[in-house]
Amino acid sequence: MDGVHDLAGKQGFGRVPHTANGPIGDTFKYDWEHLGYSLLFLGVTNGYFTLDEVRHAVERIEPRHYLTTPYYERYVIGAATLMVEKGVLTHDELEAMTGGPFPLALPATSAGRPARENRETFEVGDKVRVTDDHFAGHVRYPAFCRGKVGTVQHRTTQTWPFPDSAGHGRADGGSEPTYHVEFDAAELFGDDTDAGSVVVDLFEGYLERVA
Amino acid sequence: MTLAASQNRTGLPEQAPVEDRAWALKNALDAKGLIPAGFNEDWKKTFEEDYTPRRGAELVARAWTDPVFRDLLLSDGTAAVAQYGYLGAQGEYIRALEDTPTVKNVIVCSLCSCTAWPILGLPPSWYKGFEYRARVVREPRKVLAEMNTELPADVEIRVYDTTAETRYMVLPMRPAGTEGWTAEELARIVTKDCLIGVALPSADVVVEHPNT
């Protein structure tokens with residue numbers, strides 16, 4: 001999903017509001033702030049949805065709404081959206097309990113997709129290309145590496161469901177390792193970068209061998 | 001922000017105050033009997049008290065003083081963390097990234113906020129902010145310099161974007177002036193920002209608060 005959440009490489013932002021080892025205050029600044037995370041874990045624990053679906057729900061917040069909403073509030077909206085979409089609560093119940101408007105994330109524009117069937121296993125040191133893939137549903141590759149070539153640095157010893165499926169509540173996500181793929185910064189951003197390299201943790205289904 | 005004020009901001013939806021919405025979500029679920037007793041409170045306590053960078057600092061200090069543990073941490077981070085019982089939510093597959101005289105590792109989650117919660121603590125606001133997510137992948141040297149961490153020009157910066165299930169911690173270089181220190185003393189100079197990769201440990205900077 002080419003949404004505004006895919007921020008890496010976007011230019012025009014100012015300074016990071018922090019200096020090294022500067023104070024960050026308490027874990028939660030307001031007494032409601034633990035609710036986003038704890039209620040999304042309630043949803044996962046009770047089997048209503050997956051953590052991938054939570055990420056996708058937050059990505060589906062209308063772009064202006066996303067960009068003007070603080071972090072923990074986005075997870076309250078995401079958890080509420082999924083509780084309504086899964087039929088656990090109704091939007092009317094939520095707004096009645098709130099006593100005011102409670103706008104949710106927008107509906108998904110994709111049904112998701114299953115894990116790719118023609119995958120292959122890569123070894124450390126292999127050159128791989130991120131598939132030139134465009135998909136309106138949930139994905140876990142940032143756009144800056146789409147179509148780019150890098151080198152496998154690590155293959156995980158565990159496997160997980162393909163997010164493009166799990167992020168839509170589907171059961172056809174299979175189980176894939178991921179690869180830590182190291183890209184030269186120049187491959188990603190030309191000479192407009194001061195990084196040496198960027199390592200992205202990519203599911204097998206996003207990769208193809210470079211001949 | 002009042003409802004009247006929000007109506008003047010084109011494109012933004014009207015919404016009740018966030019604390020009202022957050023508690024309404026909890027109360028609506030509670031009213032249906034869907035929340036086990038203490039569920040939210042237990043998570044809050046875990047987030048505040050158990051998931052702290054003191055754990056990551058303990059792992060770094062051990063690695064600095066025990067070559068066998070260092071090798072394990074770098075080759076199988078999950079096993080090393082499991083020895084301490086520090087695996088947990090958002091920290092089940094761990095990889096430690098080794099800084100060297102020529103490589104500085106830095107961690108980000110450009111798509112949201114993924115962090116090795118149980119050993120770094122929940123991510124701080126700045127790490128989740130749009131500035132860090134957008135910029136550190138592309139201009140990490142400038143971002144770190146603005147955060148008062150200047151790196152020599154011959155040190156390559158390697159940025160790890162946390163985009164799947166691996167959760168990272170940085171194993172920084174042990175600073176000069178710490179010869180002969182105990183692991184407990186060393187752990188006190190490994191800050192949360194050292195574990196994320198945006199700060200370098202120094203013999204002069206001691207951690208005072210569990211979440212700093």
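B:Tyr86 touches B:Arg55, B:Glu58, B:Val81, B:Pro118 and B:Ile119, when residues up to four places away in sequence are not counted (contact means heavy atoms within 4.5 Å). The model is predicted, so that local features need pLDDT of at least 70 and side-chain atom pairs count only at pLDDT 80 or more, while totals for chains, interfaces and linings use all residues; side-chain values use heavy atoms, with hydrogens and water left out. Residues are numbered from 1 along each chain as its sequence is written, and chains are lettered from A and ligands numbered from 1 in the order in which they are written.

B:Tyr86 is found in the loop between α6 (77-83) and β1 (94-98) of chain B, where helices (H or I, at least four residues) and strands (E, at least two) are DSSP runs numbered from the N terminus. The residue is buried, with a relative accessible area of 14%; buried means under 20% relative accessible area, exposed over 50% and partly exposed in between, for a 1.4 Å probe and protein chains only. Its side chain makes a polar contact of 2.5 Å with the side chain of B:Glu58, a polar contact being a pair of N or O atoms within 3.5 Å, of which, within protein, one must be able to donate a hydrogen and the other to accept it, and for which residues adjacent in sequence count only if both atoms are side-chain atoms. The C-alpha atoms of B:Tyr86 and B:Val60, which are 26 residues apart along the chain, are separated by 13 Å. B:Gln90 is placed in the loop between α6 and β1 of chain B and is buried at a relative accessible area of 11%; its phi is near 60 degrees, a positive value in a residue other than glycine.

Chain B as a whole has 12 helices and four strands, and its C-alpha trace spans about 60 × 40 × 30 Å along its principal axes. Of the 212 residues in chain B, 58% are buried.

In chain A, eight of the nine residues of helix α2 (residues 51-59) are buried, so this helix is largely enclosed by the rest of the structure. The buried residues of α2(A) pack against α1, α3 (63-67), α4 (71-85) and α6 of chain A, together with β4 (167-171) of chain B. Among the buried residues of α2(A) are A:Glu53 and A:His56, both of which are touched by A:His168. A:His168 is found in the loop between α6 (163-166) and β3 (178-184) of chain A and is buried at 15% relative accessible area. A polar atom of the A:His168 side chain lies 3.0 Å from the backbone nitrogen of A:His138.

The two chains also meet through helices, as the axes of α1 (residues 34-45) of chain A and α2 (residues 18-31) of chain B come within 9 Å and cross at roughly 30 degrees. The contact is made by A:His34, A:Leu35, A:Leu39 and A:Leu42 of α1(A) and by B:Ala22, B:Trp23, B:Leu25, B:Lys26 and B:Leu29 of α2(B).

Technical notes
Axes are lines fitted to C-alpha atoms, for helices over the stretch in contact, and angles run from 0 to 180 degrees between N-to-C directions.
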